[in-house]
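Please read each point with the model in view.

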Amino acid sequence: MKHVLEFEKPVVNLKDKISELKKMTSDSEIDLTDEIAIMEQRLANLENDIYGNLKPWERVQMARHPERPTSLDYISEIFEDFIEFHGDRYFGDDEALVAGVAFYKSKPVTVIGHQRGKNTKENLKRNFGMPHPEGYRKALRHMKLAEKFHRPIICFIDTKGADPGKESEERGQSEAIANNLLQMAGLTVPIICVVIGEGGSGGALAIGVGDRVYMLENATYSVISPEGAAALLWKDSGQAKRAAETMQITSYDLKKLEIIDGIIKEPKGGAHRDIQQQAANIDKVLDKTLTELSKMSPDELLDKRWDKYKCMGAFATMGD
């Protein structure tokens, strides 16, 4: 484990002790098999206790884990013959968002996803997964092509938010996001969205208007980051943990609020512990959902998509 989160340290320490005992057993004539078995059972109980009861801030840390699988990681595991395309045909290419076509179960699909880096060099290249307006226009170009050729669309969401820089605003960031929301609402092909890490604000929503929206167990989805919320509410970004506890940004919160359609389980310790297993978990949901959505006519898709989003949230009217 290259990156150990604070709450994981008891697990790591116990694993180290077990490794030491196993080494002693192999290097000497001392038989510590019984002691090792007891400690391994204790480790299993400890992992269940820690990873089975993660607090909101701990899930935020898991969603941001440097080793967490990215969109391209899942694309290579789940799809075949992925061809990435570049550019929005207006300004340039944005490497914070990848888009292309692939085969899924021998059928053509369009795949779009935010793309972060796994080290400083990659993150600078990918702008830390925060797309510019040309990234969202690239995504929309591929969505419209998917509609033209009757291909389902699969979106992987993983961003702190859209790029907030001056240049992005000058090139129409808010218009690009708003147009994606408008256009996705009316696409006549199935759209499946999966939040694989952080789902931050309009940067996430711009590729998040789907017929089905799922979240990985330790992903987050929110209108603002915990640090941003803390800065607004208490003028102190250091209270991010407190903000995370109150914002209801975890997969379990959002499933309860009926914002998402389902939660995709993660391996014990997070998606980065076993990417093949995590990809298999996603694949199972995609397969089932595409089978369901493919049976619907374009009119049915649009009607159900409209019903889905108009029912979100709650309001009350007050008398005179």
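1. Isoleucine 275 is found in helix α13 (residues 275–294); helices (H or I, at least four residues) and strands (E, at least two) are DSSP runs, numbered from the N terminus. Isoleucine 275 touches Pro69, Asp73, Tyr74 and Glu77, leaving aside residues up to four places away in sequence; contact here means heavy atoms within 4.5 Å. Between isoleucine 275 and aspartate 73 there are 202 residues of separation in sequence, yet their C-alpha atoms are 8.1 Å apart in space.

2. A word on the basis of these values is in order. The model is predicted, and local features need pLDDT of at least 70, side-chain atom pairs count only at pLDDT 80 or more, while totals for chains, interfaces and linings use all residues. Residues are numbered from 1 along each chain as its sequence is written, and side-chain values use heavy atoms, with hydrogens and water left out.

3. Helix α1 (residues 9–27) has 19 residues, which at 1.5 Å a residue should span 27 Å, and the end C-alpha atoms are 27 Å apart, in agreement. The expected span is 1.5 Å times one less than the number of residues. The buried residues of α1 are Val11, Val12, Leu14, Ile18 and Leu21, where buried means under 20% relative accessible area, exposed over 50%, and partly exposed in between (1.4 Å probe, protein chains only). These buried residues pack against α2 (33–51). An α-helix has 3.6 residues a turn, so residues three or four places apart point the same way.

4. Why is strand β2 (residues 97–104) described as largely enclosed by the rest of the structure? The reason is that 6 of the 8 residues of β2 are buried. Strand β1 (residues 80–85) pairs with β2 in the antiparallel sense over 4 bridges; two strands pair if DSSP finds at least two bridges between them. Glycine 100 in β2 is the bridge partner of glutamate 84, and glycine 100 also has valine 111 in β3 as a bridge partner.

5. Strands β2 and β3 (residues 107–114) run antiparallel and are joined by 8 bridges. The hairpin of β2 and β3 has 2 residues between the strands, and in it lysine 105 takes a positive phi near 55°. Histidine 114 lies in β3 and is buried, with a relative accessible area of 0%. The C-alpha atoms of histidine 114 and tyrosine 136 are separated by 9.9 Å, with the two residues 22 apart along the chain.

6. Strand β4 (153–159) is mostly covered, with 7 of its 7 residues buried. Ile153, Cys155, Ile157 and Thr159 point one way from β4, whereas Ile154, Phe156 and Asp158 point the other way. In a regular strand the side chains alternate between the two faces of the sheet. β3 and β4 run parallel, joined by 4 bridges, and phenylalanine 156 in β4 is the bridge partner of glycine 113. β4 and β5 also run parallel, with 6 bridges; here cysteine 155 stands opposite cysteine 193 in β5.

7. Histidine 150 has a positive phi of about 60° although it is not a glycine; histidine 150 lies in the loop between α6 (133–148) and β4 and counts as exposed at 67% relative accessibility. Glutamine 248, likewise not a glycine, has a positive phi of about 55°. Glutamine 248 is placed in the loop between α11 (240–247) and α12 (251–256) and, at 40% relative accessibility, counts as partly exposed.

8. How many cavities of 30 Å³ or more does a search of the whole structure find? The search finds 1. On a 1 Å grid over the protein atoms alone, a cavity is a set of points where a 1.4 Å probe fits but cannot get out, and lining residues have an atom within 4 Å of a point. Grid points are joined across faces, edges and corners, and a volume is the space filled by probe spheres set on the points. The largest cavity holds about 70 Å³ of space. Its lining has 13 residues, of which Glu198, Thr220, Ser222, Ser225 and Pro226 lie nearest the centre.

9. Threonine 220 belongs to strand β7 (residues 220–222) and counts as buried at 6% relative accessibility. Among the residues that threonine 220 touches are Arg59, Val195, Glu198 and Ile249.

Key
1 Å grid on protein atoms, 1.4 Å probe; cavity = no way out; pocket = protein on both sides within 12 Å on 5 of 7 lines; lining within 4 Å.
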